[in-house]
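Please read it alongside the sequence and the coordinates.

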Amino acid sequence: MTGRWTVRSGVSGGMGCRRTVADTVPRYGSLVVERARSESLCARLRRGVPSPLRGCGAITGRLGFGEVLRSHRRAARLTLEKLAEVSGVSARTLSDMERGRSRGPQHRTVTALADALALEGDARKRLLELAREGRLRDHWTRPTGLCELPRSVDDFTGRAAELVWVSELVYAESSPGVGVVGLITGSAGLGKTTLAVHAAHSVRPSFPDGVFFLDLFGMSQRPLAADDALQLLLRALGVADQQIPGDIQGRASLYRSLLRDRRVLVVLDNAASENQVRPLLPGGGVGRSLITSRRLLSGLEGVRRLILGPLPLQESTQLLTGILGERSASDGESALARLSELCGGLPLALRIIGNRLVSRPGWDAAELAARLANEERRLDQFKAGDLKIANAFGMSYEQLADSARRMFRRLAVVPGQDFDATLAAVAGGVPNEDAWEALDDLVDLGLLHDSAAGRYRFHDLVRLFARGRLHEEEAVAECEVLTGQVTSWLLRMATLSGRWFEPGYGRPDGPDPDLAVPSSVEEADWWLRVNVDNWLGAMRASAGSGRHTLVLDCAESMHWFSERWAHSPHWQEVFTRGAEAAAALGDLAQQATQLNYLAWVHSVPPSDAEAVLRYAAEALELATRGGATAQIAWAHEYTASALLMLGRLEEAVASSSRAAEMFKTIGDIDSYVQSLACIANCLLDEGRYTEALEQYLGLLTLLDDPESGMTPSVATHSRPFALMRIGFCLGHLGRRAEAITTLSEGIDLMDTLQMSDYRQAGALETLAALLTGEGRTGESSRAYARAAQVFEAIGDTGASSRCHALATAAR
């Protein structure tokens, strides 16, 4: 009780004095004796007659359950022990009730007491009502302190969009009977819990009835059962233990009813499964739930999903700087940026590295970054006290079935950044269907990321963890066999795909039955591009293990495809490894071939004429020693292209003429045409446009002649370049209309062949200028814009900016 409440005495015949409850109750026994001769107080209470004890509660000014119970017991002249014996309620419990320690006993207990006291009518009803009111007061006023939200971190950084997403849950509307639920998913170490806790603290003012947090232990061997979770939440919401239903359905129903009318936020952290959280979701109303889980929980209906990704590098660096505090100034921006990069955007990794530096003032950030650069030891560096990133990954790993664990660790031998299910099946040694199932499990737990294109990838640190598990759980010999199988498959697949582009264009004969054979040029092109990191990594691994024939076959098969993807940055390494493999095999002709390919690589803009001359000279020397006439001729041809770049046109013509004669002698018409084109290019650069035009027209006639002896696919491939060169000459000669038509035809043919490169970009820019001269400004603007796109795609940002500006000006 609070305050000093008074009641009119009444029991002494209306004397008019006023006493406090504290004064009245101790003397109550004598008052009962005084009135017993005329009418017992117990009888008056049973009939509902007003008395000094009726309705004096703790808040309303009426007596509470304890006082009324005591009056009934004393009126019945029963001791605590005797009432306990008659009712079956312990004397200790009765004492607690009368002293107000238990203000709202259970209904069955009160009924037993009423029966023992022989209460009937209004008196019985009133005692039951007082007990019920006491239970309600206890429900709202009992201190909980349960499921309290954990503390946030003061250096929380970034996640602005994600915080907005959480705040929108506060005001989100939903369909009737469907509660508002937010689900944050993502792999280990991304800071899902930290984000949820920080966001919950920030929106706490919007939930006056409470913000509650419950760890569901989803990654442990024994996740929290749904019925136990409901019991904890109901307690936190103020439900007494005696009022919590014993079955999960009853608990869930009570829980939903409480959330319907209370403005509360419940954070359910680290959920294990849909079955675990379904009973914990609100059924509508003003309550909100926020769930975090490593699993996707894709079976949950009607939830708002947020898939958390790594922090961008800038935010990673900001977080690391915030953790380091004052010492960050002495560590240097570059060292912290490098550390952040090596952490891969994982807040847990950044926290560990930051804590290590803070707790060791003598450590140097740059030195730690150098240690982390060593992949073999990197994962070991991510530990600080009880924080260890490998443990976070390990909890997810332990959730997997044996088959999925095997797939996970074996995928570590895939050399590239991403892969598809077919390559995963090769690594796992399982059928494609089983690979799909294992990959789904890995994605579900956040150990892999997938994309709409059907590609999968590791986070860098997760890959290192997988590699560690592979080396610990499988024998060295098994790992070596596995690596050999995967690299061999990749190189054979790349070689098969590359040969689609050789003259003749078609499915290679006798494909390997173990390979996923491309069924068209388009499929082969797509496979080679998306898997370039994989098959190039396989080349490195095979070169290191002495499998030179596989490496050389793969490099040779890329000759024709490289022309189609001229600006790929990979060709320098591909043909260098090809030349090294040929040297290891003692094949001078093939070594010269690969060196000539390297000369071509350096002739593609931004070209390096000196490098072209150097590689061509080395190829010429080896080809001469090996008696490889075709490669001698090609060495002369690449020398000519370098001399053309250097403006040494007479020497270039002489070198190309020498190559043309040699090609003609050995009957290689395809290559002979290339030498004639180089001679025409020299005439064009010299400003001899009429002679150059005649040369190009002669070449075009040869390309269109089915009796010329040219390989049809080579003729088709060469035709757009001849047309574009003819267009250049016509433009210089002032024949703009013809030039526009011819250039347009050549550009369209390149589109058909899917060969967008520097030559097409140059033709588009020339076409745009000619269209401007004809007053066709709309077409000119579009041509400039297209040229800007192509230049941008091949990495020539200067030319792209120039064409973009011209496109804007031509509008």
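At what angle do helix α14 (residues 313-324) and helix α17 (residues 347-359) pack, and how far apart are their axes? The first point gives the reply, after a word on the source. This is a predicted model, in which local features need pLDDT of at least 70 and side-chain atom pairs count only at pLDDT 80 or more, while totals for chains, interfaces and linings use all residues. Residues are numbered from 1 along each chain as its sequence is written, and side-chain values use heavy atoms, with hydrogens and water left out.

1. Helices α14 and α17 pack at an angle of about 35 degrees, and their axes are 9 Å apart. Axes are lines fitted to C-alpha atoms, for helices over the stretch in contact, and angles run from 0 to 180 degrees between N-to-C directions. Helices (H or I, at least four residues) and strands (E, at least two) are DSSP runs, numbered from the N terminus. The crossing of α14 and α17 is right-handed; a crossing has this hand if the near helix is turned clockwise from the far one by less than a right angle, and is left-handed if anticlockwise.

2. On the α14 side, S316, L319, L320, I323 and L324 meet residues of α17, including P347, L350, I353 and R351. Contact here means heavy atoms within 4.5 Å. The contact of α14 with α17 comprises 9 nonpolar, 3 polar and 1 charged residues. In this scheme Ala, Val, Leu, Ile, Met, Phe, Trp, Tyr, Cys and Pro count as nonpolar, Asp, Glu, Lys and Arg as charged, and the others, Gly among them, as polar.

3. Helix α40 (residues 777-793) and helix α41 (residues 797-810) have axes that come within 8 Å and cross at roughly 165 degrees. α40 is therefore roughly antiparallel to α41, a term for angles over 145 degrees. Their crossing is left-handed. Among the contact residues are Y784, A788 and F791 of α40 and R802, L806 and A810 of α41. By class, the contact of α40 with α41 has 10 nonpolar, 6 polar and 2 charged residues.

4. Helix α27 (residues 532-544) has 13 residues that should span 18 Å at 1.5 Å a residue, and its end C-alpha atoms are 18 Å apart, which agrees. The expected span is 1.5 Å times one less than the number of residues. Buried residues of α27 include V532, W535, L536 and M539; buried means under 20% relative accessible area, exposed over 50%, and partly exposed in between (1.4 Å probe, protein chains only). The cover over the buried residues of α27 includes α25 (476-498), α26 (521-530) and α30 (571-585). G546, which follows α27, has a positive phi near 80 degrees.

5. The axes of α27 and α28 come within 8 Å and cross at roughly 145 degrees, and the crossing is left-handed. W535, M539, S542 and A543 of α27 make this contact with H548, V551, C554 and A555 of α28. These residues divide into 6 nonpolar, 2 polar and no charged.

6. S396, in helix α20 (residues 389-398), counts as buried at 1% relative accessibility. Not counting residues up to four places away in sequence, S396 touches A188, M219, R294, L445 and L447. Q242, in the loop between α11 (226-236) and α12, is exposed, with a relative accessible area of 53%. Q242 and Q106 are 136 residues apart in sequence and 7.3 Å apart in space, C-alpha to C-alpha.

Conventions:
Parallel < 35°, antiparallel > 145°, perpendicular 65-115°, else oblique.
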